[in-house]
Amino acid sequence: MTSVAMSQSSKSQKPKGFTIWMTGLSGSGKSTLAGVLKEKFETRYGRFVEILDGDEIRKGLSRDLGLSREDREEHARRVSYLAKVLSRNGVISIVALISPYRVSRESAKETIGSDKFVEVYIKASLAKCEERDPKGLYAKARKGEIKNMTGISDPYEPPESPDITIETELGSPEESAKVLIQGLENLGFEL
Ligand SMILES: Nc1ncnc2c1ncn2[C@@H]1O[C@H](COP(=O)(O)OP(=O)(O)OP(=O)(O)O)[C@@H](O)[C@H]1O
Ligand SMILES: [Mg+2]
């Protein structure tokens with residue numbers, strides 16, 4: 001095979017990258033689901049996957065940012081940029097970010113490209129998230145030890161028309177992952 005033919009064939013085989021943008025309250029299940037999905041995309045579909053987890057990125061790229069509206073928007077902007085460069089190179093980016101503001105999610109869609117962007121609402125009631133409280137943040141927020149806690153002392157703007165909604169109170173993470181994969185297939189994404 002000539003090098004031209006080789007580069008053409010490898011180009012046509014390149015899988016399409018895209019971004020699964022998970023938004024939802026703290027404790028709704030974003031990170032848990034991201035982990036389950038990554039494993040499935042890698043082992044079952046042989047895809048390259050990167051999880052862009054808000055908490056992790058706050059330890060590095062966004063360590064200068066706090067929890068004000070302005071900083072949350074800037075955090076989402078940085079994550080959008082990472083998702084964009086990964087997605088355009090065939091990677092499935094799974095964003096696990098509270099991303100409470102609609103305007104941030106709309107900008108993310110614009111940055112990444114609407115054909116490569118899937119907004120997934122990870123939905124659970126505040127009461128359920130508080131009951132789960134996997135990091136003990138709600139308890140601290142109720143005691144006034146944490147300010148700017150989304151859902152308690154900071155707003156959360158639920159998506160008005162998400163591409164996919166996953167109700168994590170209705171099943172296990174494994175079941176939620178199946179519903180999400182089915183949703184991607186229904187939207188025409190090839191895995
Ligand atoms: N269907 C489900 N999908 C995801 N998580 C679930 C589900 N059912 C129960 N859970 C539980 O809910 C909790 C979700 O916590 P997780 O850390 O994933 O939330 P998060 O949305 O990433 O929160 P944060 O924004 O604070 O990082 C876990 O303890 C998980 O086991
Ligand atoms: Mg998380």
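Start by selecting Thr168, which sits in the loop between S5 and helix H8 (173-186); helices (H or I, at least four residues) and strands (E, at least two) are DSSP runs, numbered from the N terminus. This is a predicted model, in which local features need pLDDT of at least 70, side-chain atom pairs count only at pLDDT 80 or more, and totals for chains, interfaces and linings use all residues. Residues are numbered from 1 along each chain as its sequence is written, chains are lettered from A and ligands numbered from 1 in the order in which they are written, and side-chain values use heavy atoms, with hydrogens and water left out.

Thr168 has a relative accessible area of 9%, so Thr168 is buried (under 20% relative accessible area; exposed is over 50%, partly exposed in between; 1.4 Å probe, protein chains only). Show its contacts, meaning heavy atoms within 4.5 Å. Not counting residues up to four places away in sequence, Thr168 touches Ser28, Leu33, Ile122, Lys123, Ala124, Arg132 and Ser176.

**Lys30**

Next, select Lys30, in helix H2. From Thr168, Lys30 is 138 residues away in sequence and 9.5 Å away in space, C-alpha to C-alpha. Is Lys30 buried or exposed? Its relative accessibility is 8%, so Lys30 counts as buried. With residues up to four places away in sequence not counted, Lys30 touches Met22, Thr23, Gly24, Leu25, Ala96, Leu97, Ile98 and Ile122.

**The largest pocket**

A pocket here is found on a 1 Å grid over the protein atoms alone, as an open set of points where a 1.4 Å probe fits, with protein on both sides within 12 Å along at least five of seven lines; lining residues have an atom within 4 Å of a point. The largest pocket has a volume of about 740 Å³, where volume is the space filled by probe spheres set on the points, and grid points are joined across faces, edges and corners. Its lining has 35 residues, and Ser26, Lys30, Asp55, Ile98 and Lys135 are those that lie nearest the centre. Colour helix H2 (30-43), helix H3 (54-59), helix H4 (69-87) and H8: these are the elements that give two or more residues to this lining.

By class, the lining of the largest pocket has 12 nonpolar, 15 polar and 8 charged residues. Ala, Val, Leu, Ile, Met, Phe, Trp, Tyr, Cys and Pro count as nonpolar, Asp, Glu, Lys and Arg as charged, and the others, Gly among them, as polar.

**The second largest pocket**

Now select Arg102, Arg105, Glu106, Lys109, Phe117, Glu119, Pro159, Glu160, Ser161 and Asp163, which line the second largest pocket. Its volume is about 210 Å³. Which elements give two or more residues to this lining? They are helix H5 (102-112) and S4, and H5 gives the most, with 4 residues. The lining divides into 2 nonpolar, 1 polar and 7 charged residues.

**Aromatic pairs**

The structure holds 4 aromatic pairs; rings of Phe, Tyr and Trp (its six-membered ring) pair if their centres lie within 6.5 Å, and planes under 30 degrees apart count as stacked, over 60 as edge-to-face and the rest as tilted.

Select Trp21 with Phe117: the pair is tilted, at 6.0 Å centre to centre and 35 degrees between the planes. Trp21 lies in strand S1 (residues 18-23) and Phe117 in strand S4 (residues 117-123), so the pair ties together parts that are 96 residues apart in sequence. Trp21 and Phe117 are both buried.

Then select Tyr121 and Tyr156. Their ring centres are 6.3 Å apart and the planes are at 25 degrees, so this pair is stacked. Tyr121 is in strand S4 and Tyr156 in the loop between helix H7 (137-142) and strand S5 (164-167), 35 residues apart. Tyr121 counts as buried at 13% relative accessibility, and Tyr156 is buried at 16%.

From Tyr156, step to Ser99, with which Tyr156 is in contact. Ser99 is in the loop between strand S3 (92-96) and H5, and is buried, with a relative accessible area of 4%.

Finish at Ser87 in helix H4. Ser87 counts as buried, at 2% relative accessibility. Its contacts, leaving aside neighbours within four places in sequence, are Gly17, Phe18, Thr19, Ser93 and Lys116.
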